[in-house]
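Please look over the protein shown below before reading on. The report then goes through selected parts of it in turn.

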Amino acid sequence: MTPLVSRLSRLWAIMRKPRAAVGSGHRRQAASQERRQKHAKSNSQAKPSACDAGLARQPEEVVLQASVSPYHLFRDVAEVTAFRRSLLSWYDQEKRDLPWRRRAEDEVDPDRWAYAVWVSEVMLQQTQVATVINYYTGWMQKWPTLQDLASASLEEVNQLWAGLGYYSRGRRLQEGARKVVEELGGHMPRTAETLQQLLPGVGRYTAGAIASIAFGQATGVVDGNVARVLCRVRAIGADPSSTLVSQRLWGLAQQLVDPARPGDFNQAAMELGATVCTPQRPLCSQCPVQSLCRARQRVEREQLLASRSLSGNPDVEECALNTGQCQLCLPASEPWDQTLGVVNFPRKASRKPPREESSATCVLEQPGALGGAQILLVQRPNSGLLAGLWEFPSVTWEPSEQLQRKALLQELQRWAGPLPATRLRHLGEVVHTFSHIKLTYQVYGLALEGQTPVTTVPAGARWLTQEEFHTAAVSTAMKKVFRVYQGQQPGTCKGSKRSQVSSPCSRKKPCMGQQVLDNFFRPHISTDASNLNSAAQ
């Protein structure tokens with residue numbers, strides 16, 4: 001028997017004795033029960049004792065105690081006050097000029113203000129500010145009030161949202177606006193709790209942002225940027241997406257939020273993470289709270305250790321429980337990396353790679369009734385990926401080329417009737433990554449020339465011109481597919497009825513139509529998946 005097994009056996013024998021003793025007499029049983037009740041009253045969050053839970057429960061008690069080390073918290077009012085003052089002073093001087101902030105300066109109606117904040121926060125989820133600005137401006141011009149959005153159609157919402165990604169966000173915004181108008185008398189809920197409870201798609205972060213910015217509720221928020229700031233300021237190296245760490249971060253955010261300026265404070269924390277405390281190249285010398293940053297102190301400590309002069313600097317602290325037990329410190333499997341500096345905090349969460357799927361899609365083109373050309377689009381189901389958006393007819397990828405062509409032709413004929421199978425051509429492929437799916441499209445093309453145009457199609461399909469395609473509710477992936485089709489078509493710039501949707505006349509000098517098409521698509525080439533750490537401001 002090994003020494004470790006021997007020790008565990010003796011410990012297990014000791015721990016079994018109280019259980020046997022409890023049943024031996026009423027007096028001992030009552031005394032044991034009284035002790036447990038007193039313990040429960042003194043600490044409502046404590047775990048059951050080892051006697052009650054067995055040997056396997058002991059590590060949980062150690063973890064709970066270790067996770068609240070003062071090293072990772074703000075320990076006094078003076079420290080919290082200094083953090084607030086420094087951050088807000090910096091924000092007043094350095095905040096970016098953003099359209100949703102300009103709108104807040106002049107808006108006096110709290111419901112309109114809350115709506116404007118709501119739109120900006122939903123758009124900023126997992127999407128960078130630079131991408132959001134134009135979408136936000138267009139949205140607020142089209143639907144400046146909750147009532148305007150509530151009366152819009154889902155088709156209009158999808159059309160404006162096209163290219164922004166995570167398309168369910170726009171749909172839920174509209175659902176929420178309709179609920180406010182139809183069920184809440186046109187007034188937004190005033191607190192984070194009621195916002196999250198009553199509005200579809202509004203989670204803890206969005207509710208807190210709206211409540212603090214629009215209604216002045218002193219509630220903290222945690223998004224990707226805020227989580228990174230807090231993890232570095234308090235040297236939290238564990239996975240911020242874990243339940244334990246997430247709870248601590250929300251607790252820190254609530255402790256820090258300034259009750260006099262909660263909206264500005266929360267925006268300042270997000271701004272700091274977006275512009276200074278960035279994921280890979282933080283600008284520590286420009287940080288307004290660097291004197292309170294434990295990650296920065298850790299860097300200095302490691303530098304002192306390297307120079308063997310740590311004993312001369314007693315002000316540098318470290319976690320007293322940093323013995324492999326503290327679940328807020330860097331995990332033992334990923335110790336401090338000298339080359340990373342403050343970027344050691346937080347360590348990236350392990351994420352599942354997106355699952356890979358394949359699909360075959362076809363651009364079906366026919367001559368238009370009034371000249372030009374038309375392409376066929378069909379609408380996706382109202383639930384699931386890209387719900388309600390329009391796309392080229394598509395089928396699941398088949399391993400055999402023969403089976404693939406057969407399945408795709410059947411799908412095309414379902415919408416457009418009999419088609420010449422011999423004209424179906426494979427043109428290439430497009431890879432597009434959504435939030436959780438890496439989808440490879442095998443792109444086919446089929447051009448109907450010299451045939452009478454199809455004028456009637458089943459519900460859920462329609463023929464569009466190139467101009468209409470530009471403004472339709474189509475995803476970025478379909479725009480990429482269309483570009484592949486354009487690049488593979490024979491150049492017929494002179495006298496072709498298909499010139500509106502044809503490829504360049506030559507590789508050296510594209511025709512005018514292609515230049516217009518390229519200019520349209522160029523700013524929109526991006527994936528729908530973004531890094532969570534660049535989600536908000």
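## Overview

The model is predicted. Its secondary structure comes to 21 helices and seven strands. The protein has 537 residues, and 45% of them are buried.

Contacts can also be sorted by distance along the sequence. Taking contacts between residues at least 6 apart in sequence, 68% join residues at least 24 apart.

## Helix α5

Helix α5 runs over residues 77–94 and has 18 residues. From its first C-alpha to its last it reaches 26 Å, close to the 26 Å expected at 1.5 Å a residue. At the start of the helix, a side-chain oxygen of aspartate 76 comes to within 3.3 Å of the backbone nitrogen of alanine 78.

Which residues of α5 are buried? They are Glu79, Val80, Ala82, Phe83, Leu87, Leu88, Trp90 and Tyr91. An α-helix has 3.6 residues a turn, so residues three or four places apart point the same way. The elements that cover the buried residues of α5 include α6 (99–106), α14 (224–233), α15 (243–256), α16 (262–275) and α17 (294–306).

The axes of α5 and α16 come within 9 Å and cross at roughly 75°. An angle from 65 to 115 degrees counts as roughly perpendicular, so α5 is roughly perpendicular to α16. From α5, the contact is made by Phe83, Arg84, Leu87, Leu88, Trp90, Tyr91 and Glu94. From α16, Asp264, Phe265, Gln267, Ala268, Ala269, Glu271, Leu272 and Thr275 take part. The residues of this contact of α5 with α16 divide into nine nonpolar, two polar and four charged.

Helix α16 also packs against α14, at an angle of about 80° and with the axes 8 Å apart. That makes α14 roughly perpendicular to α16. Here Asn225, Val226, Arg228 and Val229 in α14 meet Ala269, Met270, Leu272, Gly273 and Ala274 in α16. The residues of the contact of α14 with α16 divide into six nonpolar, two polar and one charged.

## Helix α18

Helix α18 covers residues 401–416, which is 16 residues. At 1.5 Å a residue it should span 22 Å, and its end C-alpha atoms are 22 Å apart, which agrees. At its start, a side-chain oxygen of serine 400 reaches to within 3.3 Å of the backbone nitrogen of glutamine 402. After the helix comes glycine 417, whose phi is positive, near 85°.

The buried residues in α18 are Gln404, Ala407, Leu408, Leu409, Glu411, Leu412, Trp415 and Ala416. What covers them includes strands β1 (355–367), β2 (373–379), β4 (394–396), β6 (437–447) and β7 (461–464).

## Two prolines between α17 and β1

The loop between α17 and β1 holds proline 346. The peptide bond from phenylalanine 345 to proline 346 is cis, with omega near -20°.

Proline 354 is found in the loop between α17 and β1 too. Is proline 354 buried, exposed or partly exposed? Its relative accessible area is 31%, so proline 354 is partly exposed. Leaving aside neighbours within four places in sequence, proline 354 is in contact with Thr433, His436, Ile437 and Lys438. Proline 354 and lysine 438 are 84 residues apart in sequence, while their C-alpha atoms are 5.7 Å apart in space.

Most residues other than glycine have a negative phi, and most peptide bonds are trans. Glutamine 126 has a positive phi, near 60°, although it is a residue other than glycine. Glutamine 126 is found in the loop between α7 (110–124) and α8 (129–142). With a relative accessible area of 27%, glutamine 126 is partly exposed.

Alanine 235 is not a glycine either, and its phi is positive, about 55°. Alanine 235 lies in the loop between α14 and α15. Buried means under 20% relative accessible area, so alanine 235, at 3%, counts as buried.

Terms used
Residues are numbered from 1 along each chain as its sequence is written. This is a predicted model: local features need pLDDT of at least 70, side-chain atom pairs count only at pLDDT 80 or more; totals for chains, interfaces and linings use all residues. Side-chain values use heavy atoms; hydrogens and water are left out. Helices (H or I, at least four residues) and strands (E, at least two) are DSSP runs, numbered from the N terminus. The expected span of a helix is 1.5 Å times one less than its number of residues. Buried means under 20% relative accessible area, exposed over 50%, partly exposed in between (1.4 Å probe, protein chains only). Contact means heavy atoms within 4.5 Å. A polar contact is a pair of N or O atoms within 3.5 Å; within protein, one must be able to donate a hydrogen and the other to accept it, and residues adjacent in sequence count only if both atoms are side-chain atoms. Axes are lines fitted to C-alpha atoms, for helices over the stretch in contact, and angles run from 0 to 180 degrees between N-to-C directions. Angles under 35 degrees count as roughly parallel, over 145 as roughly antiparallel, 65 to 115 as roughly perpendicular and the rest as oblique. Ala, Val, Leu, Ile, Met, Phe, Trp, Tyr, Cys and Pro count as nonpolar, Asp, Glu, Lys and Arg as charged, and the others, Gly among them, as polar.
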